[in-house]
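Me: I should like to understand the reasons behind the terms used for this structure. Please set each value against its definition.

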Amino acid sequence: MSALATPGTGPTGTGATGLDDDTRDALAELLLFMADDELMLGYWDSEWTGIAPLLEEDVAFSSLAQDEIGHAQALYELLADLTGEPADRIAYGREAGGYRQAALLDHARGDWAFSIARRFLYDTADAVRLDALAGSSYAPLAGLVAKMRREERYHLAHMHAWMVRLARGGEEPRRRLAAACERLWPDALAVLAPPAGERRLLDAGILTQPFATCRQRWLEELAPLFEELRLPFPFRLAGAGLPGQPGRLEPTFPEPGPEGRTEHNDDFRWLWGELTSVYRSEPGATW
């Protein structure tokens, strides 16, 4: 694990949870990815409070943002149990380079179509990721995922309705939505990029499917909707028709590398300054 220090585990090589060191580090990395994703999405979307295009969306987006930040807090607390670091310090006490959210969550809020497209791509990818963790052998994570899925189903239904509304809403909303999708697809793939310790997580039953499998399922589920709405879907079916090869969807653009969770842009560095400013004003204080 690169972004957080972990406490010593004693001569047996196992931590307090009973996980061996390598499995615990892999789990900590996964929790950090997911928590940072949820925290950044929540912060960006909270900026719509008071300026959304509809009064009811002021309320709805505020509620969605609150849910995501709540999920982040719960994930940071699981991470705190593994590492011994306080959850608030993990969330707000790192330098900007220590955050591991997917590149999709690095962009500033943008216009309404951009926020809807970002949320839809994230929520659909996250739903597949949560499915792969629903039967996790790590009981604290399986319990949290069960709670998150109940809320995320409503988020996804809300975003699906907005995607259809904007795609069929006339020339200008459709143009903006298509432009946002085209811009965001490469960064969206980073949400389901495999963590470095994925093999350990699969062997331990903490993760029930490889992220590569999750990504194929995600793209296969999205393809019919993007075709129906005539929105950019820059993937091609490769390998279909070969013996033992059912075919897989591959991007028509260069495959993003691991930097999708380690290299952050100026939009994020601005957000980091904002969201950590109070914590950094007096680190370690009890608020």
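Me: Where does Arg-199 lie, and what makes Arg-199 count as buried or exposed?
Reply: Arg-199 lies in helix α7, residues 198-203; helices here are DSSP runs of H or I with at least four residues, strands are runs of E with at least two, and both are numbered from the N terminus. The relative accessible area is judged with a 1.4 Å probe on protein chains only: under 20% is buried, over 50% is exposed, and values in between are partly exposed. Arg-199 has 53% relative accessibility and therefore counts as exposed. Its C-alpha atom is separated by 24 Å from that of Glu-263, 64 residues apart along the chain.

Me: On what kind of model do these values rest?
Reply: This is a predicted model, in which local features need pLDDT of at least 70 and side-chain atom pairs count only at pLDDT 80 or more, while totals for chains, interfaces and linings use all residues. Residues are numbered from 1 along each chain as its sequence is written, and side-chain values use heavy atoms, with hydrogens and water left out.

Me: How is Met-40 classed, buried or exposed?
Reply: Met-40, in helix α1, counts as buried because its relative accessibility is 0%. Its C-alpha atom and that of Gly-205, 165 residues apart along the chain, are separated by 28 Å.

Me: What makes α1 and α2 roughly parallel or antiparallel?
Reply: Helix α1 (residues 21-46) packs with α2 at an angle of about 160 degrees, and their axes are 8 Å apart. That angle makes the two helices roughly antiparallel: under 35 degrees counts as roughly parallel, over 145 as roughly antiparallel, 65 to 115 as roughly perpendicular, and the rest as oblique. The axes are lines fitted to C-alpha atoms over the stretch in contact, and the angles run from 0 to 180 degrees between N-to-C directions. By class, the contact of α1 with α2 has 18 nonpolar, three polar and five charged residues.

Me: How do α2 and α5 lie, roughly parallel or antiparallel?
Reply: The axes of α2 and helix α5 (residues 139-167) cross at roughly 160 degrees and come within 11 Å. The two helices are therefore roughly antiparallel.

Me: How do you know that the length of α2 agrees with its number of residues?
Reply: The expected span is 1.5 Å times one less than the number of residues. For the 29 residues of α2 (residues 55-83) this gives 42 Å, and the end C-alpha atoms are 42 Å apart, so the two agree. Gly-84, which follows α2, has a positive phi near 80 degrees.

Me: What is said of Arg-230, and is it buried or exposed?
Reply: Arg-230 is in the loop between α8 (211-229) and β1 (235-238). Its phi is positive, near 55 degrees, in a residue other than glycine. With a relative accessible area of 63%, Arg-230 is exposed.

Me: How many disulfides does the structure hold, and are Cys-181 and Cys-214 buried or exposed?
Reply: A disulfide is a pair of cysteine sulfur atoms within 2.5 Å, and the structure holds zero of them. Cys-181 is buried because its relative accessible area is 0%. Cys-214 likewise counts as buried, at 0% relative accessibility.

Technical notes:
Ala, Val, Leu, Ile, Met, Phe, Trp, Tyr, Cys and Pro count as nonpolar, Asp, Glu, Lys and Arg as charged, and the others, Gly among them, as polar.
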